[in-house]
Structure formats: C-alpha cells, structure tokens
Amino acid sequence: MTDLAIAPDLAAIKQRQQATWASGDYHMIGTQIQIVSELLIEALDVHSTDHLLDVATGSGNAALAAARRGCSVVGVDYVPALLERARRRMDAEELEILFMEGDAESLPVADGSFDVVSSVFGAMFAPDQERTASELARACRSGGRIGLAAWTPDGFIGHLFKTIGGHVAPPAGLRSPILWGTEQRLHELFGDRIAQISLMKRQYVFRDRSPQHYIQYWRRYYGPTLKAFEAVGETGRDALEADLVDLIGRFNQADDGTMVVPSEYLETVIVTR
C-alpha cells in the first residue's frame with residue numbers, strides 16, 4: 001500500500017516523467033486509440049462555436065477530433081516532439097489548431113477561457129493530481145464541460161501498470177494515475193466544482209498479431225514500458241516479459257495465437273459550476 005505520509009519530490013518526478021514520455025514515440029501508440037478521443041468529443045456534445053482546450057494532447061488525437069467538428073482548439077503538451085507530430089497531422093488535414101508547450105499542472109491559459117476542456121489518458125499521469133484537476137477546472141468557464149478518458153484499476157491497462165509496478169516500483173508517495181478512472185477519486189479531485197457528472201465505462205480493444213509482438217511494439221514506442229525494461233536490466237527482462245505475457249493471456253479473447261484484449265476505461269463528462 002502506498003505510504004502517503006512520504007512527501008514526494010514532485011519536480012524531480014515530473015522531470016523524469018517528461019523524459020519518459022519523450023522516449024519511444026507515443027504517437028505510434030496514440031494513433032491506435034484515436035477512437036477513444038472521437039467518442040469523448042461526441043460525449044462532450046461540442047458545437048462549432050465552442051473553444052476547446054485539450055490537455056496533455058500528445059500528438060493531437062482529441063484536438064484533431066474537435067477541430068474536425070469546427071471547434072476553435074488549443075492543444076497543450078510538455079513533449080515538444082509530440083507537438084511537432086500533432087502539427088504535421090493538422091497540416092495534413094488542413095485544420096487550424098494552436099499547439100503549444102505547457103504543463104497540465106500549470107496551464108498557460110486564462111481563467112475560464114474555454115467552453116470545453118478535454119484530456120485523453122493524459123492529465124491522469126501528472127504527479128500532482130489535485131493541482132491538475134484544479135487547473136482543468138480553472139481553464140473551463142462556469143457551465144462548461146470537462147471531458148476525461150482514464151484507464152480503470154480493474155481493466156487490462158490498470159493491471160498492466162500494476163504488473164510493471166511489481167518489477168519497477170513507482171515513486172513513493174504518489175497516488176496511482178489509474179485512480180482517475182474511479183468515480184470516488186473524481187469527486188475528491190473536483191469536489192464542489194461539479195454541477196453535474198456523467199460517467200460511462202467503455203472498452204478499448206487492443207488487437208495485435210501476437211502477445212509477443214504487442215509487447216515488443218510497446219517496448220519500442222511506449223515510453224513507460226521502454227523505461228521499465230531498461231530499469232530491470234538484462235537480469236530482469238525475461239521475468240517482466242513473462243509476467244506481461246501471462247497478463248495478456250488472462251484477458252485475451254483470441255484463440256488463434258493473435259491478441260484481442262479489451263481494456264476498460266472511464267469516460268467522464270463534468271459540467272462545471
């Protein structure tokens with residue numbers, strides 16, 4: 001159980017996290033889950049007159065989805081390489097989006113300047129959860145909407161994080177990011193800023209040619225997995241991979257050697273006070 005009495009060095013943790021997300025190429029993971037952003041933007045019922053902020057935008061999935069619907073969009077992330085990917089995608093679709101470097105815990109925007117604020121598997125990873133939630137709410141106007149997609153503790157990715165954590169311990173004193181995928185934690189984080197909240201558990205299905213290929217792909221492109229294998233070193237890599245193969249086997253619905261693994265996430269829409 002996490003010892004919350006330990007005061008973590010949030011600045012140092014954030015610096016390491018930024019380096020982690022800059023490693024690999026999250027764009028190659030993010031484009032696989034584009035449908036999650038499309039569904040969230042639909043759940044937010046955006047109008048073409050809405051001004052939308054996408055926080056921890058990565059290579060721009062939700063920002064692009066909103067821009068396709070005519071919204072005025074700003075996307076913020078703290079990994080410059082991912083923002084460059086997002087701009088290339090924007091140009092290819094002839095859309096107009098302002099992508100800028102920024103931190104989810106200190107958003108470079110004015111109070112109440114957006115009708116809609118979104119984050120897809122992004123803000124949940126910021127180390128200071130309370131500050132991050134406060135920033136999302138601060139950026140959103142009264143009566144606006146905050147839309148979130150977060151992996152749940154009981155889903156495949158929730159268990160993936162736990163499995164990796166059994167080999168590479170997470171920073172002491174931090175709450176797990178997958179708590180954003182629980183109704184209780186969302187009420188704790190947003191409190192009286194919530195005028196109305198709607199929650200829906202959804203499944204994203206990971207599909208690959210084999211469990212082993214999936215692991216190799218994530219070792220190459222997903223920063224946290226890449227760094228975990230680096231951390232365990234030569235002596236620990238086989239054990240970590242074996243545990244990941246076992247985990248996939250428990251969730252896998254395919255019986256032909258391929259991988260069809262549903263992963264639960266929580267889609268949340270908050271109307272702000």
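**View 1. Surroundings of G58 in the predicted model.** In this predicted model, G58 makes contacts with D77, L82, L83 and A86, its neighbours within four places in sequence being left aside. The residue is found in the loop between β1 and α4 (61-68), and G58 is buried, with a relative accessible area of 4%. The C-alpha atom of G58 is separated by 10.0 Å from that of T31, a residue 27 places away along the chain.

View 2. Strand β2 (residues 72-77), helix α5 (residues 80-92) and strand β3 together make a β-α-β unit that is right-handed. The strands β2 and β3 run parallel and are joined by 5 bridges, and the bridge partner of D77 in β3 is E101. D77 is also one of the residues in contact with G58.

**View 3. The open sheet.** The sheet is built from 7 strands in the order β3-β2-β1-β4-β5-β7-β6, and it is open, with mixed pairing. Its edge strands, each of which pairs on one side only, are β3 (97-101) and β6 (194-208), and from one strand to the next the twist averages 15°. Within this order, β1 (residues 51-55) and β4 (residues 114-120) run parallel and are joined by 3 bridges, with L52 standing opposite V116 in β4.

**View 4. Helices α6 and α7 against the sheet.** Helix α6 (residues 129-139) lies across β1, β4 and β5 (140-151), and runs at about 140° to β5. Helix α7 (residues 156-165) also packs on the sheet, where it touches β5, β6 and β7 (259-272), and the direction of α7 makes about 105° with that of β7. Because 7 of the 10 residues of α7 are buried, this helix is largely enclosed by the rest of the structure. The buried residues of α7 are F156, I157, G158, L160, F161, T163 and I164, and what covers them includes the strands β5, β6 and β7 as well as the helices α9 (211-221) and α10 (223-251).

**View 5. The largest nonpolar core.** The largest nonpolar core has 84 residues, and those with the most contacts inside it are L53, W151, W180, F190 and F206. Helix α10 supplies the largest share of this core, namely 7 residues.

**View 6. The salt bridge between D103 and K14.** A search of the whole structure finds 19 salt bridges, and one of them is formed by D103 with K14, whose closest N and O atoms are 2.5 Å apart. D103 lies in the loop between β3 and β4, whereas K14 lies in helix α1 (residues 10-22), so the pair ties together parts that are 89 residues apart in sequence. Both D103 and K14 are buried.

View 7. The side chains of R68 and E38 meet in a salt bridge with an N to O distance of 2.6 Å, which links distant parts of the chain, R68 being in helix α4 and E38 in helix α3 (residues 34-43), 30 residues apart. R68 is partly exposed, with a relative accessible area of 35%. A salt bridge of 2.8 Å, N to O, also brings together the side chains of E42 and R69, which are 27 residues apart, with E42 in helix α3 and R69 in the loop between α4 and β2. E42 is exposed, with a relative accessible area of 51%, while R69 is partly exposed at 25%. Through salt bridges that share partners, E38, E42, R68, R69 and E93 are joined into one network.

Key. Residues numbered from 1 in each chain as written. Predicted model: local features only at pLDDT ≥ 70, side-chain atom pairs only at ≥ 80, totals over all residues. Heavy atoms only, no water. Pairing = 2+ DSSP bridges. Helix = DSSP H or I, 4+ residues; strand = E, 2+ residues; numbered from the N terminus. Axes fitted to C-alpha atoms, helices over the stretch in contact; angles between N-to-C directions. Contact = heavy atoms within 4.5 Å. Buried < 20%, exposed > 50% of the residue type's maximum accessible area, 1.4 Å probe, protein only. Core = buried A, V, L, I, M, F, W, Y, C linked by side-chain atoms within 4.5 Å. Right-handed = clockwise from strand over helix to strand, strands pointing away. Salt bridge = Lys/Arg side-chain N within 4 Å of Asp/Glu carboxyl O.
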